[in-house]
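Hi,

Here is the structure I promised to pass on. Have a look at it first, and then read on for what turned up in it.

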Amino acid sequence: MSATDLSPSQDQAIKPKTAAPESRDKGGPGQPLVIVRDLQKHFPVRGGVLGRTQAVVQAVDGVSFEVKKGETLGIVGESGCGKSTTARLLIGLIERDKGEIIFDGQGLGERLSLKDLRKDVQMVFQDSYASLNPRLTIEDSVAFGAKVQGLDDPNGRARSLMARVGLDPDRFAHRYPHELSGGQRQRVNIARALAMSPRLVVLDEAVSALDKSVEAQVLNLLSDLRKEFGLTYIFISHDLNVVRYISDRILVMYLGEVVEVAPVDSIWREQAHPYTRSLFSAMPSMDPDNRTQEPPLAGDPPNPIDPPKGCRFHTRCRFASEVCKTKVPKLMGLSGNADHLAACHLHDATSGHPKAGQGVPQ
Amino acid sequence: MALAESDTMQGAKVEKPQGYWSGVGSRVVRDPVSMICLGVVLLLILSALFAPYLGLPDPYKGSMIARLKPLGTEGHLLGTDEQGRDMLARLIYGGRLTLFIGLMPVVFAFFIGSALGIVAGYVGGMTNTIIMRIVDVFFAFPSVLLAIAISGALGAGIVNSLVSLTIVFIPPITRVAEAVTSGVRALDYIDAARATGANAWTVIRVHVIGNVLSPIFVYATSLTSVCMILAAGLSFLGIGVRPPEPEWGLMLNTLRSAIYINPWLSALPGVMIFITSLCLNLLSDGLRSAMNVRD
């Protein structure tokens, strides 16, 4: 069974059961599907006899972004920069400390309850094995959400979605997760997310654990599904090439903050933040003459328990000056390209950086 | 596209895949030690259940002239005790009470302890702290001491023995249940289930219980032998079953004085306790390895 030899009738079988995206669209096409403002999550580090808070890990600190309807936003950054925490905050798996999440014009916790949000937002996790209950058959796993939400014919939905993601329901429905390969399991996870007919799917490193050929299949499947079901994706990865392939826009995070947001082509042409530039230059080149000779960035990211003052990247930045140690740069559009946002004093003519307004030197 | 994956799958088994429990069952059946132990335990349970139909002499009827007859005496295959009562009958009838107060506390403690541990492990935070600290208080005492203390406070009797032994076994089962549940709680499939909007009870019922119950169950089966020994110990000390009820621990106590006259005879109740707890232990080991396969 391959993903391509599906009869159109199977596709048709899913469509009518899915509420048409138009009817659930409350804010109109111009309203971004998700607006996140100043999202903050600090994890307390407890210790001592009474378990008092000894320190706080600033996992996500003042993150703001928008996701337009139907687009794919890629989120990239080093391990521990807050990508996954952001994802979990978005689907309400962990509670935010501060900030707003506005889903299709409705604020979470105001006009939109967490329960309602969960009808519209689903997540696919990195570890395809840990994200499936080993005691449930594939069919039961996929149908669980639909049963919880009281959608009609959950098992029928599960089977048709399994067929859609390229798993023959007659052969796979009654199997257990350990009887499947990694790629097949990740297809199951995708089917499970889609069984709730969500509008936003958060893919947290969803293809990172797969080998390259399977990864490509799953990526293609994801693109097809997005068009077919009118989905919006937030795609978290540390693989820039994968993000480039699937995303419309890319958001770069560093130590719990957004440092750059830009359309894919724009960021590929010009990385406006020094961190983004080092991230891109760390990509292995396919050309042996063009090999990376020196490490673009040395050392580990600073401890998020006590992040550097001012610009959080100044401890590792080649262009850092005095102002970077004290003043927090604002995320703002580049001159001449307002869609391309970066948080760096080099781009802010009024920042007081010696090279302010000149952009990142080569 | 997916051809590479599908081809390998076609080469693999096509028959309907085996369910988890039937897999465990078939592995237990293939293990000779487990099967022998299961046979012995079943034999003991069945003989205790059907004791009145086995044509045995009355276990309460003594004889002043036929006291402490050795093994193999005519009419008394395993001899007679210090009051001239038939040992075989008393051992088989004794199995009823001994197995009952040896197994039931673990069964009760399994349900109560699992419930407490799963709630503590799943909810976490303050609830976890409260439940686990209370459990720790009970944990501080050695189990024998705790059983004696509670039984002593409640007074002798079968019901009180059951209650005190249940209390003794709740803390260790809660501990194990809490540890296993917190491990499962951290896995992504619990997050995925919560993300569907399911309430805590549904998530626990569908996704937690099935994944934590087998380790707790295996642990509980290993406690049955301890429980039997403790129950026998309580009776031995006179704070469990009271005479003239046949019960292995109590019989061990009353025959103690005959150890120099007829040592084989006085050892018989102990042999029964030993065989039963050994078989239960080996059976629980077999179950543990049969359940521990997965991939």
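This is a predicted model: local features need pLDDT of at least 70, side-chain atom pairs count only at pLDDT 80 or more; totals for chains, interfaces and linings use all residues.

A:Lys212 forms a salt bridge with A:Glu215, and the closest N and O atoms are 2.9 Å apart. An α-helix has 3.6 residues a turn, so residues three or four places apart point the same way.

Salt bridges elsewhere

Over all chains, the count comes to 22 salt bridges. One of them joins A:Asp61 to A:Arg312, with 2.7 Å between the closest N and O atoms. This pair links distant parts of the chain, 251 residues apart: A:Asp61 is in strand β2 (residues 52-67) of chain A, and A:Arg312 is in the loop between α12 and α13 of chain A. Are these two buried or exposed? Both A:Asp61 and A:Arg312 are buried.

The loop between α12 and α13 of chain A also holds A:Arg316, which forms a salt bridge with A:Glu78 at 3.4 Å between the closest N and O atoms. A:Glu78 lies in the loop between β3 (72-76) and α3 (83-90) of chain A, so the pair ties together parts that are 238 residues apart in sequence. A:Arg316 counts as buried at 13% relative accessibility, while A:Glu78 is partly exposed at 21%.

There is also a network of salt bridges linking A:Arg88, B:Asp188, B:Asp191 and B:Arg194.

Aromatic rings

The structure holds seven aromatic pairs over all chains. In one of them, A:Tyr254 and A:Phe313 have ring centres 5.1 Å apart and planes at 85 degrees, so the pair is edge-to-face. A:Tyr254 is in strand β9 (residues 249-254) of chain A and A:Phe313 in the loop between α12 (274-281) and α13 (322-326), 59 residues apart. A:Tyr254 is buried, with a relative accessible area of 1%, and A:Phe313 is buried too, at 2%. Ring pairs link these two and A:Tyr275 into a cluster.

Charges also sit over rings: A:Arg175 lies over the face of A:Phe172, 4.8 Å from the ring centre, and the charged end of B:Arg185 is over the ring of B:Tyr122, 4.7 Å from its centre.

A helix to look at

Finally, find helix α11 (residues 263-291) of chain B, which has 29 residues. A kink of about 35 degrees in α11(B) is centred on B:Pro269.

Best wishes

Key: Residues are numbered from 1 along each chain as its sequence is written. Chains are lettered from A and ligands numbered from 1 in the order in which they are written. Side-chain values use heavy atoms; hydrogens and water are left out. Rings of Phe, Tyr and Trp (its six-membered ring) pair if their centres lie within 6.5 Å; planes under 30 degrees apart count as stacked, over 60 as edge-to-face and the rest as tilted. Helices (H or I, at least four residues) and strands (E, at least two) are DSSP runs, numbered from the N terminus. Buried means under 20% relative accessible area, exposed over 50%, partly exposed in between (1.4 Å probe, protein chains only). A charge sits over a ring if NZ of Lys or CZ of Arg is within 6 Å of the ring centre and within 35 degrees of the ring normal. The expected span of a helix is 1.5 Å times one less than its number of residues. The bend at a residue is the angle between axes fitted to the seven residues ending there and the seven starting there. A salt bridge is a side-chain nitrogen of Lys or Arg within 4 Å of a carboxyl oxygen of Asp or Glu.
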